[in-house]
Amino acid sequence: MAEEVVLLDFRPSPFGMRSRIALAEKGIKYEYKEEDLRNKSALLLQMNPVHKKIPVLIHNGKPVCESLIQVQYIDEVWHDKAPLLPSDPYQKATARFWADYVDKKIYDLGSRVWKTKGEEQATAKKEFIETLKLMEKELGDKPYFGGESLGYVDVAFIPFYSWFYAYEKCGNFSIEAECPKLIAWAKRCMQKESVAKSLPDQQKVYDFILEMKKRFGIE
Amino acid sequence: MAVVELFGTWFSPYAYRVIWALKLKGISYEYIEEDIRNKSPLLLQYNPIHKKVPVLVHDGKPICESTVILQYIDEIWPQNPLLPADPYDRAVALFWIKFADDKVYLMSKLYQADGEEQRAAVKEWLEMLEVMEEHALIGGKKFFGGDEINMVDIAFSFVAHWLGVLEDVVGLEIFEPHKFPRVSSWIQNFKSIPLIKENLPDADKMSAFSKHGREMMLASKSN
């Protein structure tokens, strides 16, 4: 039976990027549908009635919601190629812990960096860098969080690299100066076609952020 | 023989998730009670990132975050599975577990709120209960797991037991059974399971403890 895979997505979304990377790593052909988040499609509302958010992965008509759940699902269904989660239960638990940490910290802190200014922004920047340094420590000397190859935590985290330039411009700081090893890791990931094709250009993300700032009246 | 230790607190819904999972699988473990106002050096060593309970230590190796712990337990000890075997059904279960996890903060939000904030917190609780009623519990199942409880039931346990305590502490009725018949049935079914019934923190003890804490917190807020 022909597999039908559809991804409802929004190009700048780091969450959408995770699923794009996972699908690309596995070599899965799918239909990409860009959503206008100010005018969500009937399909999106039907497939994710609880949150009405992207990304939504639709496999043979059945929706899977939440990006990390999609990555795990993709890894389980197309298990014969490019495994993303380790097979050892303890290593798997470690990978899930760090992906959860990325979810808890990176998006919110990064958002506070571009949405706020003054004292609030200074605090956000400080916490953001601390979080990145912790990730850097976890990476250690490994080429990827997954070890020798791209893994679950890499897929969970690398999308935010496409937002780094926007964070840096808005916050007036250099992430590379603070976390050189992390930037080296990011560039290594970007050499992979699955990642390079899934991430938007950093300048385009910055333009998108500027548009959001204007729209929400943030200077 | 492998040693299993669980660091928890007597009132924590997260710790209870792990207790139930271990008991359901028939796994012996040593329970270590933590005073969250005075955390042990061992806890801080095992969970340096979040410094929280629960932490499961298996053969000296720590696992943190209750949902990560539950999935680990389910994989190491496959008897009485807590998640469906089919990848799609598992993805749906994980969706609801995440939904529940993302809502547990409503416990402390309501606990800490007064005035306008309290009204906002109550509204969010009702919205969450509506989603459970209209989306999560459709299909007339006894439990989220079907005829037996699974990880999704365990994840929503804060609604079954801790919400009642919270209502008593803040003096509000948020959950009206007639408005949420499916959720109400589920709560009754869940709390009737002997394993659950026999392993719940005492509601009156929690209520007294929380009321006192809340009075102090609100007093310092208004100063």
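Predicted model: local features only at pLDDT ≥ 70, side-chain atom pairs only at ≥ 80, totals over all residues.

Lys51(B) sits in the loop between H2 and E3 of chain B, where helices (H or I, at least four residues) and strands (E, at least two) are DSSP runs numbered from the N terminus. Although Lys51(B) is not a glycine, its phi is positive, at about 55°. Residues are numbered from 1 along each chain as its sequence is written, chains are lettered from A and ligands numbered from 1 in the order in which they are written, and side-chain values use heavy atoms, with hydrogens and water left out.

Staying with chain B, the loop between helix H2 (41–46) and strand E3 (55–58) also holds Pro54(B), and the peptide bond leading from Val53(B) to Pro54(B) is cis, with omega near 0°. In chain A, the bond from Ile54(A) to Pro55(A) is cis, with omega near -5°, and Pro55(A) belongs to the loop between helix H2 (42–47) and strand E3 (56–59) of that chain.

Now to the place where the chains meet. How many residues of chain B are in contact with chain A? There are 23, and they touch 26 residues of chain A, contact meaning heavy atoms within 4.5 Å. Together the two chains bury about 2,200 Å², 71% of it on carbon and sulfur atoms; buried area is the accessible area (1.4 Å probe) that two parts lose on being put together, summed over both. On the chain B side, Ile49(B), Tyr88(B) and Phe95(B) lose the most area to chain A, together 28% of what that side buries.

Helix H4 of chain A (residues 89–115) packs against helix H3 of chain B (residues 66–76) at an angle of about 165°, with the axes 10 Å apart; axes are lines fitted to C-alpha atoms, for helices over the stretch in contact, and angles run from 0 to 180 degrees between N-to-C directions. H4(A) is therefore roughly antiparallel to H3(B), a term used for angles over 145 degrees. Among the residues making this contact are Tyr90(A) and Phe97(A) of H4(A), and Val68(B) and Tyr72(B) of H3(B).

Note on methods: Parallel < 35°, antiparallel > 145°, perpendicular 65-115°, else oblique.
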